[in-house]
Amino acid sequence: MTGASAAAPQDLLHQVIALCDVVIMVYFLAINTFNLVLIGLSCGELVRHARRAPFAGYDDIVSSPFTPPVSLLVPAHNEEAGIVEAVDAMLLLHHPCFEVVVIDDGSTDGSVDRLCEAFDLVEVPFVVPDDVPVRGAVEAVYISRGGPVPLRVVHKANGGKADALNVGINVARYPLLCMVDADSLIDSQALLAVSKPFADDPLRVVACGGVVAVANGCTVAAGRVVRVRMPRKLLPRIQVVEYLRAFLLGRLGWSRVGGLLVISGAFGLFRREAVIAVGGMDPDCIGEDAELVVRLHRHLREQGSDYRIVFVGEPISWSEAPTTLSLLGRQRRRWQRGLTEILLKHRQAIGNARYGRVGLVALPFYVLFELLAPVVEVAGVVLMPLGLLLGAVDVSFMWRFLLVAYGYALVVSLLALVAEEYAFHRYPRWQDTGAALVGAVAENLGYRQFTAWWRLRGTWEGVRRSPQEWGTMTRQGFADQSKAGR
């Protein structure tokens, strides 16, 4: 009787572990299938892009007097390493009318000095409007001494990226706002491509996102990416594959079904009046770019507006990917914390039919497959070996689990690579294709598990509402990118 009593709890433990493993396997099957559906939707969009590309009519857009002007807002904090090259690239963009507004958010390095020296800037008196509230006071405004350079540099007290963008929104003169990271380089046609939906559908389009690509390994000259290469280091190479799958195909798929929730702060275009209507950026949310998109969806749905928030695959903003585990972990914790804060702030919209596909499909997806994904991933890493050790699962089940969890994910990544190669062919060499395949395989061998742990910590920090800490993101700058990763 005593032996039977002791065996009962052990049998129950085995059953619980076995059930958890099955649930986790079904979860991985669901998330990979959903990602595959998004890739299928985006592939249809890529096919249409390939057919329309020869007739894009960018020359007509440049010469048309009806093309809406754009203010590029560039928040910067201690970006001395690459700020001049980034601004150089922005000033050389092809667009009939635009300005570049750099908002220096209390930098302690030589960012402002480098800009003043490179572009011959002088301080001028300037009254900043108060269309949206700001926290950090504006201390100085600089313009080019010669006058024709469409560049303004605003130096303000430190208040965070969102607050810097709010200052930029107030300073901006034009109806479209392009929010760009200071560590980014932009392709010459990118601004035309991302502003085209506003010209094609001026009454409905309120925001448009563009592709963010990894600059590590590429050659940069005069503020422009002139040769695209895969990074030689494995860590940024894996991120190339990740960015293609999530930042290109995933967002194209969501855009096609009207459920796009994320427009990266590294490259996004917004209608200024719509941003002002919702109060600008939220300085209390660490994921201010995505939070703005969700808030726009909610506001426009509540107003009963006929609107579109879209994503286009042509524009490219190049950015440095983290090259060390510590920097990568800091980035992913911050991203996940931002997602957690957004979902908590807008929890009333989750599953709410009032918000259409955003409330019934997109937000629940982000809860189930983005917010909870690191919890399930870490649980799988712990429970599968534990189940094998205790005899709760057998080896055949383990192989089925690995096939569904990681083999299926590898197939999804490979399909994303094929789709990108078909549509854009940005990596011209076979060596780059081979490097991407290595990155796709290596992503499942430690990278995903580390990322899940960092994201789990980010979720916990967001739930606890612990003090926000951005930390120092060390950058090499773009001048030496041809050597990066060697």
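## About the model

This is a predicted model, in which local features need pLDDT of at least 70, side-chain atom pairs count only at pLDDT 80 or more, and totals for chains, interfaces and linings use all residues. Residues are numbered from 1 along each chain as its sequence is written, and side-chain values use heavy atoms, with hydrogens and water left out.

## A covered strand

Helices and strands here are DSSP runs numbered from the N terminus (H or I with at least four residues for helices, E with at least two for strands). Strand 6 spans residues 176-180, and five of its five residues are buried; buried means under 20% relative accessible area, exposed over 50% and partly exposed in between, with a 1.4 Å probe and protein chains only. In a regular strand the side chains alternate between the two faces of the sheet. Here Leu176, Cys178 and Val180 sit on one side of strand 6 and Leu177 and Met179 on the other, and both faces are covered.

Two strands count as paired if DSSP finds at least two bridges between them. Strand 6 runs parallel to strand 1 (residues 70-76), with four bridges, and antiparallel to strand 11 (residues 267-271), with five bridges. Cysteine 178 has leucine 269 as its bridge partner in strand 11.

## The nonpolar cores

Leu72 turns up again in the largest nonpolar core: of its 141 residues, Leu72, Val102 and Trp318 touch the most other members. Such a core is a set of buried Ala, Val, Leu, Ile, Met, Phe, Trp, Tyr and Cys residues joined through side-chain atoms within 4.5 Å. Helix 13 (residues 395-423) gives this core its largest share, twelve residues. Another core, of six residues, lies apart from it and includes Leu235, Ile238, Leu328 and Ala442.

## Aromatic pairs

There are twelve aromatic pairs in the model. Rings of Phe, Tyr and Trp (its six-membered ring) pair if their centres lie within 6.5 Å, and planes under 30 degrees apart count as stacked, over 60 as edge-to-face and the rest as tilted. Tryptophan 254 and tyrosine 366 make a tilted pair, 6.3 Å centre to centre with 35° between the planes. Tryptophan 254 belongs to helix 7 and tyrosine 366 to helix 11 (residues 356-371), so their pair ties together parts 112 residues apart in sequence. Tryptophan 254 is buried at a relative accessible area of 5%, and tyrosine 366 is buried at 12%. Both belong to a cluster linked by ring pairs, which also takes in Tyr27, Phe28, Phe34, Phe365, Phe369, Phe401 and Tyr406.

Phenylalanine 450 and tryptophan 454 are stacked, because their ring centres are 5.7 Å apart and their planes at 25°. These two lie in helix 14 (residues 430-464), four residues apart, about one turn of the helix. Phenylalanine 450 is partly exposed at 45% relative accessible area, whereas tryptophan 454 is buried at 9%.

## The cavity

One cavity of 30 Å³ or more is found. On a 1 Å grid over the protein atoms alone, a cavity is a set of points where a 1.4 Å probe fits but cannot get out, and lining residues have an atom within 4 Å of a point. Grid points are joined across faces, edges and corners, and the volume is the space filled by probe spheres set on the points.

The largest cavity has a volume of about 80 Å³. Thirteen residues line it, and Val212, Ala213, Val214, Leu244 and Tyr427 are the closest to its centre. Strand 8 (205-214), helix 7 (234-256) and strand 12 (308-319) each supply at least two lining residues. The lining divides into eleven nonpolar residues, no polar ones and two charged, where Ala, Val, Leu, Ile, Met, Phe, Trp, Tyr, Cys and Pro count as nonpolar, Asp, Glu, Lys and Arg as charged, and the others, Gly among them, as polar.

Methods: 1 Å grid on protein atoms, 1.4 Å probe; cavity = no way out; pocket = protein on both sides within 12 Å on 5 of 7 lines; lining within 4 Å.
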